[in-house]
Amino acid sequence: MSVFRRLCSKAVRPGSSGSRKSYCSLNESIASSSSFLTHGIHVFQCPDTVGIVAKLSDCIATRGGNILAADVFVPHNKQVFYSRTDFVFDPVTWPRSQMDDDFLNISKTFRAMRSVVRVPALDPKYKIAVLASKQNHCLVDTLHGWQDGRLPVDITCVISNHDRDSKINVMPFLERHGIPYHHLSMTADNKREGEILELVKDTDFLVLARYMQILSSDFLRSYGKDIINIHHGLLPSFKGGHPAKQAFDAGVKLIGATSHFVTEGLDAGPIIEQMVERVSHRENLQSFVQKSENLEKQCLSKAIRSYCELRVLPYEESKTVVF
């Protein structure tokens, strides 16, 4: 017997007068009591010491919250603590501003390097810009992921170094949903980075959906926020141009895709997600590329979701912790 059924069986006697009314009233009361609970996420990184988990748990519990899931990672001999906590709470009894203050106090206590709290139902969605070149598969999938709610973001614009016919491709979709499209023709000497920076200045992070231009060190420093890229290969293998053809010519038996953060090193940023699929000698280049593109779409989408759900934390200089 479920907890709900046990509660109801104690609340009324079957067959008694008004039992149906009492049962329904209890049902509505329980539903009402849980309807205002809101989901929150907290990630934490600090020097490792005794009592961190207890303090975080006590903070949530004393405000009437309830932990749904908690992940902890303490790397061997590194003296650093990582955690991600999913919890529910009543925003009436634990206002958002009070929550920030509570976690800030814990952050100060443990000299945290990172303490981020997010309440998806209350906080603004992350604003992103999508940069793409000629290929459409990752751009289209990202737009559809935004449309159907798989990707909890707001897309401020799409920027490309390739023009697109206004009547075909993704252009009608962008126009229908009011997403600006900016075509910036580029040369080897002018990557239009100043204009890109102006277009993305209000974004929270950028997504490179097969954007086949290398962003300069000056651009990365000026933007100063995270940029997620998708590479159609298992990094660090097959770097640079045409990695799918490189892999095909090498006769690989596993193909992959890698989503990673953009750094000054070419295809050398910390890895967020990797996916693989088996191929065989029966593949031709067309089927090989098609499988590769499917992996790219999935891998980029998962990386964006993981980032928005605070699942990705920096680890050392070139790695990530992904909860």
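Me: How do strand 1 and strand 4 pair, parallel or antiparallel?
Reply: In this predicted model, strand 1 (residues 38-47) pairs with strand 4 in the antiparallel sense over 5 bridges, where pairing requires at least two bridges found by DSSP and strands are DSSP runs of E with at least two residues, numbered from the N terminus. Residues are numbered from 1 along each chain as its sequence is written, local features need pLDDT of at least 70, with side-chain atom pairs counted only at pLDDT 80 or more and totals for chains, interfaces and linings using all residues. Side-chain values use heavy atoms, leaving out hydrogens and water.

Me: And which residue is the bridge partner of Ile41?
Reply: Ile41 has Arg118, in strand 4, as its bridge partner.

Me: What order do the strands of the open sheet have?
Reply: The 4 strands run 2-3-1-4 with antiparallel pairing. Strand 2 (66-73) and strand 4 (114-118) are at the edges with a single partner strand each, so one side of each lacks a neighbour in the sheet.

Me: Switching to helix 9, which of its residues are buried?
Reply: In helix 9 (residues 243-250), Pro243, Ala244 and Ala247 are buried, meaning under 20% relative accessible area with a 1.4 Å probe and protein chains only; helices are DSSP runs of H or I with at least four residues. These buried residues fall within an arc of 105° seen down the axis of helix 9, so they line one face of the helix, the arc being that of the directions from the helix axis to the C-beta atoms.

Me: What do they pack against?
Reply: The buried residues of helix 9 pack against strand 9 (227-231) and helix 10, with contact meaning heavy atoms within 4.5 Å.

Notes: Buried < 20%, exposed > 50% of the residue type's maximum accessible area, 1.4 Å probe, protein only.
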